[in-house]
Amino acid sequence: MASRLHAFNRFELKYLVPVDQAAQIRDELAERMDRDAHSPVGGYGVWSLYYDTPRLRFYWEKIDGLKFRRKLRIRHYGDLDGVTDESPVCVEIKQRVNRVTQKRRITLPYGVARQLCDGREEVAHSAKESAFVQEVLDLVVRLDLKPTAITGYQREALVGRHADTGLRVTFDRRVRGRDRDFHFGIETPENRFTIPPHLSVMEVKVNERTPHWITDLAARRNLNLVRVSKYVQSVEAFGLAPRSVFHIHEADYPPPTPTEAEPPCQRPAQDAPMKAGAQ
């Protein structure tokens with residue numbers, strides 16, 4: 001059996017950017033970067049099921065800023081319509097070691113991924129995949145991991161060219177989630193926005209150092225680094241844990257003020273982020 005295991009290390013910088021400004025930044029970046037071959041116009045869906053302990057160990061490790069922390073998730077790329085047990089997903093361990101983000105993942109059919117993470121059963125794997133599969137099993141059994149939250153968003157991705165081949169910039173909008181109905185194939189799930197919908201999360205991902213022209217762009221557009229975790233946002237938005245200092249309050253990032261030319265009906269609703277049904 002060929003190995004389906006993939007691993008990589010990188011540094012990540014995150015910014016919260018109004019959606020309209022994100023579109024301008026994306027267009028500016030496109031002058032020096034290429035659209036990811038897997039990112040169609042308008043982007044693609046990314047859905048992740050996060051596992052945690054009954055006492056939310058992984059959540060608190062993030063809040064406490066531990067230099068070494070990790071979390072387990074199952075991730076699906078694309079629309080959730082028509083997801084079956086045969087649909088490919090990634091079982092992924094994401095960990096942070098000091099400032100470096102490390103990801104290791106294996107691609108499995110969805111039914112097999114659930115057998116591994118929910119059923120806590122060993123699944124067929126190659127010799128190269130054995131250590132990873134055993135680590136997943138150790139985590140779910142030893143820590144009694146359970147499905148805790150689902151996050152979803154629409155992502156657009158750009159990749160660097162020439163000297164910047166290790167550069168990747170993503171824009172995630174319509175960030176939402178839920179704390180129940182953990183099957184990806186649920187027909188009418190009730191999602192809520194966990195980050196105000198007028199904001200997008202811009203992530204700059206590099207193998208070593210950030211290109212100077214990216215740093216200049218961030219300074220010129222007054223972008224501020226934020227410590228935001230989509231999983232943390234979901235845990236807090238649904239009251240699974242008290243809201244921490246990392247929680248995004250909409251009052252801190254108000255919607256853009258409509259111009260005089262815009263009719264009143266275009267003003268974003270103040271309570272929109274927490275409304276149910278954000279499919």
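What share of the 279 residues in the chain is made up of buried residues? Buried residues make up 49% of them, where buried means under 20% relative accessible area, exposed over 50% and partly exposed in between, with a 1.4 Å probe and protein chains only. The model is a predicted one, in which local features need pLDDT of at least 70 and side-chain atom pairs count only at pLDDT 80 or more, while totals for chains, interfaces and linings use all residues. Residues are numbered from 1 along each chain as its sequence is written, and side-chain values use heavy atoms, with hydrogens and water left out.

The predictor's confidence in each residue, pLDDT, runs from 0 to 100; its mean over the chain is 87, and 88% of the residues reach 70 or more. Over residues 259-277 pLDDT stays under 50, and for this stretch the model has 24 contacts beyond four places in sequence, a contact being heavy atoms within 4.5 Å.

The secondary structure comes to six helices and 10 strands, which are DSSP runs numbered from the N terminus (helices H or I, at least four residues; strands E, at least two). Among contacts between residues at least 6 apart in sequence, 73% join residues at least 24 apart. One separation of this kind concerns Arg26, which has its place in helix H1 (residues 19-29): the C-alpha atoms of Arg26 and Met202, 176 residues apart along the chain, are separated by 9.6 Å.

Strand S3 (44-52) is mostly covered, with nine of its nine residues buried. In a regular strand the side chains alternate between the two faces of the sheet. In S3 both faces are covered, with Tyr44, Val46, Ser48, Tyr50 and Asp52 buried on one side and Gly45, Trp47, Leu49 and Tyr51 buried on the other. Two strands pair if DSSP finds at least two bridges between them; S3 is joined to strand S7 (residues 146-160) by nine bridges in an antiparallel arrangement, and Gly45 has Gln154 as its bridge partner in S7. S3 also pairs with S4 in the antiparallel sense, over six bridges, and there the partner of Trp47 is His76.

Helix H3 (residues 110-117) has Tyr110, Gly111, Ala113, Leu116 and Cys117 as its buried residues, and these pack against strands S3, S4 (68-77), S5 (88-97) and S6 (100-109) and against helix H4 (130-142).

A nonpolar core is a set of buried Ala, Val, Leu, Ile, Met, Phe, Trp, Tyr and Cys residues joined through side-chain atoms within 4.5 Å. The largest one has 28 residues, of which Leu72, Val91, Leu116 and Phe184 touch the most other members. S3, S4, S5, S6, H3 and H4 each supply at least two residues of this core, and the largest share, six residues, comes from H4. Apart from it lies another core, of 18 residues, among them Tyr15, Leu167, Val169 and Leu223.

The largest pocket has a volume of about 710 Å³. On a 1 Å grid over the protein atoms alone, a pocket is an open set of points where a 1.4 Å probe fits, with protein on both sides within 12 Å along at least five of seven lines, and lining residues have an atom within 4 Å of a point; grid points are joined across faces, edges and corners, and the volume is the space filled by probe spheres set on them. Of the 34 lining residues, Glu12, Lys14, Lys62, Arg69 and Arg96 are the closest to the centre of this pocket, and S4 gives the most to the lining, with five residues.
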